[in-house]
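Here is a short briefing on a protein model.

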Amino acid sequence: MPRLATTAIALLVVIGLSSPVISQSRTKSIKQDVQQAQKVRKEIAVTFDELPFAEAFVSGDHRAIVHTVIDVLQKHHVRAVGFAVGSKVAGAQDLLGEWLNAGHGLGNLSYSHHDIGDLSIEQFITDIRKGADELQPMLDGFGQQKRYFRYPFLHYGSNMKTREEVGRFLSAYTIVVAHVSVVVEDYVFNLGLEKLGRKADSVAYGKLRAEYIAHVMSRVAEVEKSSQKLLQRQCRQILQLRMNRLNGAFLDDILSALEGNGYKFVTLDAALADPVYQKAEAYYGNRGTGYLDMIADSDPDLLPAEESK
């Protein structure tokens, strides 16, 4: 039973023992609080960027790390979606095939993984198309019908024209944009892990592990607060991780921490079905951020009239 519900029941017992008479209305109110606490559902989808493996300063056994991630996802009954860099697909088809064969999905992170701000609109659309072409035979072979795209670095474009033209292209090809709500700085912690070397000191390793778990859970808590403020409810979250050594080492801990915090794992499709991801936004900042923050930081003058109220 959730902690809030347990607390409410304990409070009811204490009141009952200390007071000979409890009004029916007060009893009903406490029971309603308990029921409300039990109704709060916390759901999260898990996604990975930069498949088959994120760039790193220190080389590693990429295959072993991907295998570890697949095993951990299976342990926690998670069906994830990974976003591949098109230029790396040809050299990793066997590994990506194992990912698909394990029941996970693949999406497109463009061919070159270049920032949308570094390319013209035409170049960026071409980059999306090339990335999709690299994945197409594999997705067809494994029967994946849905086509996903995630903007590199979560940069959606700095002006309305770019947004509209790229959006039209994606819509024309029925490509689903995979938004993110929980953005973590795992690349920073991965660099810290690399600095520890291949045979890390156990104390330093444990400290890094604890700090990373705390970082992820603090980001989750921040988005929960944003969701409550923006929507007056908890939305389905979408967690963005990178396929790197750090998450190969600590993914089990992260998923366990989420479960301990009351989260149930859902698919990306289920998470994207939450109405919040259909809300209009007008965020044109340079900082890659989660979708709820994009909504909150939108320019109200550029939002549709019904959204700006």
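Buried means under 20% relative accessible area, exposed means over 50%, and partly exposed lies in between, with a 1.4 Å probe and protein chains only. This is a predicted model: local features need pLDDT of at least 70, side-chain atom pairs count only at pLDDT 80 or more, and totals for chains, interfaces and linings use all residues. Residues are numbered from 1 along each chain as its sequence is written, and side-chain values use heavy atoms, with hydrogens and water left out.

**Overall fold**

- The protein has 11 helices and 8 strands. These are DSSP runs numbered from the N terminus: helices are H or I with at least four residues, strands are E with at least two.
- Of the 309 residues, 45% are buried.
- The accessible surface is about 15,900 Å², and carbon and sulfur atoms hold 52% of that. Areas come from the Shrake-Rupley method with a 1.4 Å probe; for residues, only the protein chains shown count as cover.
- Take contacts (heavy atoms within 4.5 Å) between residues at least 6 apart in sequence: 79% of them join residues at least 24 apart.

**Nonpolar core**

- A nonpolar core is a set of buried Ala, Val, Leu, Ile, Met, Phe, Trp, Tyr and Cys residues joined through side-chain atoms within 4.5 Å.
- The largest one has 79 residues, and Phe48, Trp99, Leu106 and Leu258 have the most contacts inside it. Helix H8 (residues 202-231) gives the most to this core, with 8 residues.
- Beyond its neighbours within four places in sequence, Leu106 contacts residues including Leu51, Val81, Trp99, Leu135, Met138 and Tyr148.
- In soluble globular proteins, nonpolar side chains tend to be buried together.

**Helix pairs**

- Axes are lines fitted to C-alpha atoms, for helices over the stretch in contact, and angles run from 0 to 180 degrees between N-to-C directions. Angles under 35 degrees count as roughly parallel, over 145 as roughly antiparallel, 65 to 115 as roughly perpendicular and the rest as oblique.
- The axes of H3 (residues 62-75) and H9 (residues 245-260) come within 8 Å and cross at roughly 10°. H3 is therefore roughly parallel to H9.
- The H3 side of this contact has Ile65, Thr68, Val69, Val72, Leu73 and Lys75; the H9 side has Arg245, Asn247, Gly248, Leu251, Asp252 and Leu255. By class, the residues are 6 nonpolar, 3 polar and 3 charged. Here Ala, Val, Leu, Ile, Met, Phe, Trp, Tyr, Cys and Pro count as nonpolar, Asp, Glu, Lys and Arg as charged, and the others, Gly among them, as polar.
- H7 (residues 186-195) and H8 pack at an angle of about 180°, with axes 11 Å apart. H7 is therefore roughly antiparallel to H8.
- Asp186, Phe189, Gly192 and Leu193 in H7 meet Tyr205, Leu208, Glu211, Tyr212 and His215 in H8.

**Backbone details**

- Most residues other than glycine have a negative phi, and most peptide bonds are trans.
- Glu50 lies in strand S1. Its phi is positive, near 70°. Glu50 counts as buried because its relative accessibility is 11%.
- A cis peptide bond joins Leu51 and Pro52, with omega about 5°. Pro52 lies in the loop between S1 (42-51) and H3.
- Thr174 also has a positive phi, near 50°. At 61% relative accessibility, Thr174 counts as exposed.

**His113**

- His113 sits in the loop between strand S3 (105-108) and helix H5 (121-142). His113 is buried, at 14% relative accessible area.
- Not counting residues up to four places away in sequence, His113 touches Glu50, Val85, Asp127, Pro152 and Phe153.
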